[in-house]
Amino acid sequence: MVAPSLKLQDLIEEIRGAKTQAQEREVIQKECAHIRASFRDGDPVHRHRQLAKLLYVHMLGYPAHFGQMECLKLIASSRFTDKRVGYLGAMLLLDERHDAHLLITNSIKNDLSQGIQPVQGLALCTLSTMGSAEMCRDLAPEVEKLLLQPSPYVRKKAILTAVHMIRKVPELSSVFLPPCVHLLHERHHGILLGTITLITELCERSPAALRHFRKVVPQLVQILRTLVTTGYSTEHSISGVSDPFLQVQILRLLRILGRNHEESSETMNDLLAQVATNTDTSRNAGNAVLFETVLTIMDIRSAAGLRVLAVNILGRFLLNSDRNIRYVALTSLLRLVQSDHSAVQRHRPTVVDCLQETDASLSRRALELSLALVNSSNVRAMMQELQAFLESCPPDLRADCASGILLAAERFAPTKRWHIDTILHVLTTAGTHVRDDAVANLTQLIGGAQELHAYSVRRLYNALAEDISQQPLVQVAAWCIGEYGDLLLEGNCEEIEPLQVDEEEVLALLEKVLQSHMSLPATRGYALTALMKLSTRLQGDNNRIRQVVSIYRSCLDVELQQRAVEYDTLFRKYDHMRAAILEKMPLVERDGPQADEEAKESKAAAQLSEAAPAPTEPQASQLLDLLDLLDGASGDAQHPPPLDPSPGVALVYLLDLPCAPPPPAPIPDLKVFEREGVQLNLSFIRPPENPALLLITATATNSSEDDVTDFICQAAVPKSLQLQLQAPSGNTVPARGGLPITQLFRILNPNKAPLRLKLRLTYNHFHQSVQEIFEVNNLPVESWQ
């Protein structure tokens, strides 16, 4: 015998009583077979019961698509029990992807015009849940009529349906503008809250609606003032705060209406100050209202004193025991630090205290804000706090903290010695977490500070003697000892305690680095080169250095083996040139009295180049020539003339005497984005004194008829590069070619790696939120080679 069909309650009990997944599937398959059979027989009495069971099966994740047409039949029924289940099934089983949803348009239209409130409520709920653009256009007149019905129950649901229609079809804004003005006079909580939500949607999506509702700002201000002073109704108060949901919604609407509008902002200034000072902060509901007040103050053209009050409120949030409130405060202060830097600076001690939070998200936000608060006046104090945090911070924050300290030190360093000390402390504490270019930046800094060579080499020697596990620190120390080892042995540095070091100790330390299992191949290369340079700086015998170099001639690492072979050949065949080849690196930055010496060297190089012409093509052209040779390309490329093999001229090229370079050609601009009149262009500058630095100016223009607001441009580069985003000139691009927004990107590319940019643009345009993420791969070659 075939088992009879189960009731809904019995089906739920049997499914819950299944001990395994297989038993549950068996029960559901049997019942679905009964439901299909009932649908085929066309039983009108029990159809709603069968569909109710099918909806429960659908909620468990099993297929229920065969019940879609039954929903339409139940909706067309005249019985309320059938309509109730039919509309519920339509909300769960139908959406815009199924053409069947269009078949219920006529049934919804009839139910909306019947005048039966429960049926109208069901139809409105279904329309606001799964109504497509076509359905919204067809049913907009019926919904507009229901907005003025005497029943609050129907009006509330009609307002929420109108919100859905505006989101689906923004051009319907003109249909719902007139009723909204009348609905603002309502005293019913649900109607007023829904009306504020509807007006917010209209203003965000229609410029005409925005201009229209700016006239009702005084009325909105009066409603909110009544809520704050006398209260709306006791049944809607939460923890002593009068109707916080309505207050928050009104504040959001005021934020939209007051943005970039002086008159509206002036009207609401006094009210915002009243809300900010009278709201109880002992409960979470009051904190929510205060936070929305702060966002509104910061987004409109408010008075300076009001903005300081908003920042102070966020400062009080930092002292709250709730971690969520502290996180919101840190995030908001991070957004305000560019526009209200001095006001945020007052809360710097509290922000620094947040670095010790055990919650990882809080400490990360506190770190970002602390780095943003660093400036030339507080750099010493802030660096002390950040360096103390670096020693105890979690491993996942150490890389960000070290990178932020290095960037801040480079930007705001009061002296070169302080800058060197700061970088050395970071390398000693978290050397394995710094960026790849930290070694190159520090060697460049030390090389340019001639008066600190003796101090730097002694500091690095002491650090290397204590710890050889931090690879970036070992690399910088090896380079510095190789360059200025003679200053290390002289012992005449007055800035630190006297240190007596002999040649054997220095060589033994470098050999220890070479033999350590912790040393990377690149670190061993630095140490081997340092030993080679010390052969010209030490007064003793070089046999020990020659022995170490010869050992690495058979090293398994190809790069290290090649260096050892070349250095050994230099000892054996070109010993007379070794001292000249291994001279100290030229200073990166030359100014003051060294400018004359540089000019003399340039003249000498020019005279030598007349005797033996040197290649004048840039590095990019030489690389292309090499590729031509490898690929067998056509001989259109201009190859440099052959070099004179005489020893004197070879020494000139080996030493690479500086000559006056030709002025760099301008880098062409690049258009990277254009949409609906919004355009983003990039312009490039490479300072001649620092070729590794690229300055990119991003310029956003707007030729459309509507302002672009909340414009944010974010960028990312590969890990081998270092990017610093400067603060933009604003966040609003006026319409019709108004004043553009500019933002500066500083990119350090010491290895001249191919440059790629990933940009994310977010802004509001024509009252729609736009987000674009794209990659720029066609940057000019001159920007990185």
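Arg675 stands opposite Val678 of strand S2 in this predicted model. Strands, and helices too, are DSSP runs numbered from the N terminus (strands E, at least two residues; helices H or I, at least four). Local features need pLDDT of at least 70 and side-chain atom pairs pLDDT 80 or more, while totals for chains, interfaces and linings use all residues. Residues are numbered from 1 along each chain as its sequence is written, and side-chain values use heavy atoms, without hydrogens and water.

S1 and S2 (residues 678–685) are antiparallel and share five bridges. Two strands count as paired if DSSP finds at least two bridges between them. Lys671 has Asn681 in S2 as its bridge partner. Two residues lie between the strands of this hairpin, and Glu676 takes a positive phi near 50°. Strands of a sheet pair through backbone hydrogen bonds, either parallel or antiparallel.

Contact means heavy atoms within 4.5 Å. Axes are lines fitted to C-alpha atoms, for helices over the stretch in contact, and angles run from 0 to 180 degrees between N-to-C directions.

A further open sheet has three strands in the order S4-S7-S8, also with antiparallel pairing. Its edge strands are S4 (708–716) and S8 (768–776). Neighbouring strands are turned by 10° against each other on average, direction ignored. Seven bridges join S4 to the antiparallel strand S7 (residues 757–765). Ala716 has Lys758 in S7 as its bridge partner.

The structure holds 33 salt bridges. Each is a side-chain nitrogen of Lys or Arg within 4 Å of a carboxyl oxygen of Asp or Glu. One of them joins Arg675 and Glu772, at 2.5 Å from N to O. Arg675 is in strand S1 and Glu772 in strand S8, so this pair links parts of the chain 97 residues apart. Arg675 is partly exposed, at 30% relative accessible area. Glu772 is partly exposed as well, at 22%. The cut-offs are under 20% for buried and over 50% for exposed, with partly exposed in between (1.4 Å probe, protein chains only).

Arg252 pairs with Glu292, with the closest N and O atoms 3.3 Å apart. Arg252 lies in helix H14 (residues 244–258) and Glu292 in helix H16 (residues 284–299), so the pair ties together parts that are 40 residues apart in sequence. Arg252 is partly exposed at 36%, whereas Glu292 is buried at 7%. Glu483 and Lys533 also form a salt bridge, with their closest N and O atoms 2.1 Å apart. Glu483 belongs to helix H27 and Lys533 to helix H29 (residues 521–534), 50 residues apart. Glu483 is buried, with a relative accessible area of 1%. Lys533 is buried too, at 10%.

Helix H27 (residues 471–490) also holds Leu488. Leu488 is buried, with a relative accessible area of 1%. Leaving out residues up to four places away in sequence, Leu488 touches Val457, Arg458, Tyr461, Val501 and Val506. Its C-alpha atom is separated by 8.7 Å from that of Tyr455, 33 residues apart along the chain.
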